[in-house]
Amino acid sequence: MKNSFDDTYFMKKAFQEAEVAFEKGEIPVGAVIVIENRIIARAHNLTETLNDVTAHAEMQAITAAANFLGGKYLQNCTLYVTLEPCQMCAGALYWSQISNIVFGARDEQRGCINLKTKLHPKTKMRGGIMADKSSELLKRFFIEKRSLN
């Protein structure tokens, strides 16, 4: 029997968060953190809403998951995020000791891969899950934003 709780299932949940961000006028990035096939944190970008450059989806999710677990380490957890983490978020994920990062679209300019940001030695990262859909939502957001200006 196929496990219905696979990477695509959880990335769809992160994508729903990205859609919420889009509707709020935030850059549409969404994230969920999962432990044992259970979502313990849901988040999306809130940089405009909170007037805070650090209010990325990953940062919001890290805080929510740590509060849920009652501790700062996210061992045995997986972050699903619609866009490759930036350097700041990758640094926070390093300190959280998260076990897995699964992302959708690459961020060729600001992403942690091209910037060679170190992750925790025990963290595994893979990308490309729903990459096209995540990328399309980001492109649509910026096209609409430019047409309003």
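Start by selecting A57, E58, A61, I62, A65 and A66: these are the buried residues of helix α3. They sit on the same side of α3, because they cover an arc of only 155 degrees around its axis. Keep in mind as you look around that this is a predicted model.

Now show the whole of α3, residues 57–69. Its 13 residues reach 18 Å from the first C-alpha to the last, close to the 18 Å expected at 1.5 Å a residue. What do the buried residues of α3 pack against? Colour β1, β2, β3 and α4 (87–96) to see their partners. Then step just past the end of α3 to G70, which takes a positive phi of about 75 degrees.

Next stop: helix α1, residues 7–23. Here you have 17 residues reaching 24 Å from first C-alpha to last, close to the 24 Å expected at 1.5 Å a residue. Select D7, F10, M11, A14, F15, E17, A18, A21 and F22, which are buried in α1. Turn the view to look down the axis of α1: its buried residues fall within an arc of 155 degrees, so they line one face of the helix. The spacing rule is a handy one: an α-helix has 3.6 residues a turn, so residues three or four places apart point the same way.

Finish at G25, which follows α1 and has a positive phi, near 80 degrees.

Definitions and conventions. Residues numbered from 1 in each chain as written. Predicted model: local features only at pLDDT ≥ 70, side-chain atom pairs only at ≥ 80, totals over all residues. Heavy atoms only, no water. Helix = DSSP H or I, 4+ residues; strand = E, 2+ residues; numbered from the N terminus. Expected span 1.5 Å × (residues − 1). Buried < 20%, exposed > 50% of the residue type's maximum accessible area, 1.4 Å probe, protein only. Arc of directions from axis to C-beta. Contact = heavy atoms within 4.5 Å.
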